[in-house]
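Here are my notes on the model you sent.

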Amino acid sequence: MEFVVITMAKIAVMLGVLLTVVAYTVWLERKVCAWMQDRVGPNRVGPFGLLQPLADGLKMMLKEDVLPRHITDKALYTLGPLMAMVPALVTAGAIPWGSQLPLFGRQIQCVVANLNAAVLVVFATSSFAVYGIVLAGWASNSKYPFLGGVRSSAQMISYEVCLALSVVPVFMQIGSLSLCHMVEYQTHHTWMIFMPWQWPSFLIFIISAFAETNRTPFDLPEAEQELVAGYNTEYSSMKFSMFFLGEYAAMFVMSAMMVTLFFGGWSLPFAPFNRPATTLWIGLAHVAIFLAKILVFLFLYIWIRWTIPRVRYDQLMALGWKIFIPLTIVNIVFVGIVLALWGGR
Amino acid sequence: MLVQRPKLTFWERLYLPQVLQGLWQTLSHIPRKKFTRQYPEEKPPLYGKYRGAPELVRDPDGRVKCVACQLCEFVCPPKAIRVVPGFRKEGASDASVEKEPSDFIINMNRCIFCGFCEEVCPEEAIFLLRDFSVSGYSREEMQFHKDKLLELGGVREDKIQKWKNK
Ligand code: SF4
Ligand code: SF4
């Protein structure tokens, strides 16, 4: 009973924080993009436009939900956006967002589900998002969403492989698939990113993560110039915003993964932030550190989006299959040799 | 035509240096001066011969200059003008002009701000002045009638005043 209550509370907190961060990522994206183009961005609703996400949300909810007449399978059409959003929210549950919070005489672990194969769960569920996009593309029953759906399924499936293979060296070093162990290991030793033999893994992981979340330069499923809006062309109102939410939530989760795998999760490499918290304040500080690190990666996502033009589709596929997959395999062998020779543990 | 593709060096084909360069470029724009004009508070500068909405003017004596000749109505490409001709007041100082518009309607939904009316007017009674944001909540509101047009146009300095001693 107690377990259920605590877990429920954790889920509520996690979801609340996630959705708030997602809303403000959209704000940040608009602001940063404006600054990069020498504009000022949203600045009318609230100070610095800080209430803009609320206004956007309200607008989305009040919009008419248009159901185009050519849509024959309404069930699939409705399932699409749901399937695109839910996986991202589910994966968030497996990520440790802090050490522990001593609260009401208990040590509350800052993770919704402390799984011992968390990484597999994250990769497995996050690839569910592709179903949402495929369903949306198929059920929309018109050509642009269809092409967007086809593209994104191919893209996500190929980059799924790189994504999973690229982090294998990390697990080889740690010997566990649990994300909590991951952070623990990095607090005891040093962050993965400070180990030069993990750099190729990180580079491939971050690029594949961009492709996996359909962000520029790999945002081919919704390439505006060719496909109108891609798979979400026929969607409006809340259904559209679910896709939107799904995309940003996926960004959040991928950033969280990068932070956890390579940047020491909630820790900082000095006391008292490199040990599980003993007081509430340090526990909260850990959560704040974790969010701050995520924010850096979200900024990176945005920064890259407004800098780099989209790659061509064949380039994308060639990069995935001809370069990254062989590279990841070579990388696994390479790191294996390094660990065998110098015993990286 | 065959476009010759330039031979790229290995460094260029790596793509990453260009990416980094681009990232630096966008980042360096963040603190720069912004070019946004905060519109409703900050109006754009209008230059000398700016053509805004067409409006009717009065001469320095305050009389309506338009003589309801309907040339502007005739020339207007989108047929935005409608002139309802009427007579000047009996015994008024300018009674010899005979005609004046009893109503003068410009449909601002249709007007394309071309300035033909201003050009064609023999009395220099209609001018494209500097109002550029003509807006309203209904189509009805966008029909500008004589009173409104005269009010917007105001008085135009006019040295000749050809009707003065007729
Ligand atoms: S400016 Fe052109 S369109 Fe407008 S009222 Fe005059 S003639 Fe007609
Ligand atoms: S505004 Fe000028 S052109 Fe038009 S009716 Fe009056 S006098 Fe004639």
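1. The second largest pocket has 37 lining residues, and those nearest its centre are Val26(A), Met60(A), Phe244(A), Leu245(A) and Tyr248(A). Its volume is about 920 Å³. Three elements of chain A give two or more residues each to this lining: helix 1 (2-36), helix 2 (52-62) and helix 11 (237-262). Helix 11 of chain A gives the most, with nine residues. By class, the lining of the second largest pocket holds 21 nonpolar, six polar and 10 charged residues. Please keep in mind here and below that the model is predicted.

2. The largest pocket has a volume of about 1,300 Å³. It is lined by 36 residues, and the closest to its centre are Ile207(A), Leu14(B), Tyr15(B), Leu16(B) and Val19(B). Both chains supply elements with two or more lining residues: helix 9 (199-212), helix 12 (280-305) and helix 13 (313-342) from chain A, and helix 1 (10-13) and helix 2 (16-29) from chain B. With eight residues, helix 13 of chain A gives the most to the lining of the largest pocket. That lining divides into 29 nonpolar, two polar and five charged residues.

3. Which chain A helix gives the largest share of the lining of the largest cavity? It is helix 11, with six residues. The structure holds four cavities of 30 Å³ or more, and the largest cavity contains about 220 Å³ of space. Of its 19 lining residues, Ala129(A), Met156(A), Glu212(A), Gly246(A) and Ala250(A) are the closest to the centre. Helix 3 (74-92), helix 5 (129-139) and helix 11 of chain A are the elements that give two or more residues to this lining. The lining of the largest cavity has 11 nonpolar, five polar and three charged residues.

4. Ligand 1 sits among residues of chain B. Its shell is made up of Pro54(B), Cys76(B), Pro77(B), Pro78(B), Ile81(B), Cys111(B), Ile112(B), Phe113(B), Cys114(B), Gly115(B), Phe116(B) and Cys117(B). By class, 11 of these are nonpolar, one is polar and none is charged.

5. Ligand 2 has a shell formed by Cys66(B), Val67(B), Ala68(B), Cys69(B), Gln70(B), Leu71(B), Cys72(B), Phe104(B), Cys121(B), Pro122(B) and Ile126(B). The division here is 10 nonpolar, one polar and no charged residues.

6. Over all chains there are 17 aromatic pairs. One of them joins Trp138(A) and Phe146(A), with 6.1 Å from centre to centre and 55° between the planes, and it is tilted. Trp138(A) counts as exposed because its relative accessibility is 57%, while Phe146(A), at a relative accessible area of 37%, is partly exposed.

7. Is the pair of Trp191(A) and Phe194(A) stacked or edge-to-face? The ring centres are 5.6 Å apart and the planes lie at 10°, so the pair is stacked. Trp191(A) has 11% relative accessibility and therefore counts as buried. Ring pairs also place Trp191(A) and Phe194(A) in a cluster with Phe202(A), Phe205(A), Phe262(A), Phe263(A) and Phe297(A).

8. Two residues other than glycine with positive phi deserve a look. Phe48(A) has phi near 55° and is placed in the loop between helix 1 and helix 2 of chain A. Phe48(A) counts as exposed because its relative accessibility is 62%. Glu124(B) has phi near 50°, and its place is in the loop between helix 4 (116-120) and strand 4 (126-128) of chain B. With a relative accessible area of 48%, Glu124(B) is partly exposed.

9. Why does Asn107(B) count as buried? Its relative accessibility is 14%, and the cut-off for buried is under 20%. Asn107(B) lies in strand 3 (residues 99-107) of chain B. Leaving aside residues up to four places away in sequence, Asn107(B) touches Ala80(B), Met142(B) and Gln143(B).

Technical notes: Residues are numbered from 1 along each chain as its sequence is written. Chains are lettered from A and ligands numbered from 1 in the order in which they are written. This is a predicted model: local features need pLDDT of at least 70, side-chain atom pairs count only at pLDDT 80 or more; totals for chains, interfaces and linings use all residues. Side-chain values use heavy atoms; hydrogens and water are left out. A residue is near a molecule or strand if one of its heavy atoms lies within 4 Å of it. Ala, Val, Leu, Ile, Met, Phe, Trp, Tyr, Cys and Pro count as nonpolar, Asp, Glu, Lys and Arg as charged, and the others, Gly among them, as polar. Helices (H or I, at least four residues) and strands (E, at least two) are DSSP runs, numbered from the N terminus. Buried means under 20% relative accessible area, exposed over 50%, partly exposed in between (1.4 Å probe, protein chains only). Contact means heavy atoms within 4.5 Å. On a 1 Å grid over the protein atoms alone, a cavity is a set of points where a 1.4 Å probe fits but cannot get out, and a pocket is an open set with protein on both sides within 12 Å along at least five of seven lines; lining residues have an atom within 4 Å of a point. Grid points are joined across faces, edges and corners, and a volume is the space filled by probe spheres set on the points. Rings of Phe, Tyr and Trp (its six-membered ring) pair if their centres lie within 6.5 Å; planes under 30 degrees apart count as stacked, over 60 as edge-to-face and the rest as tilted.
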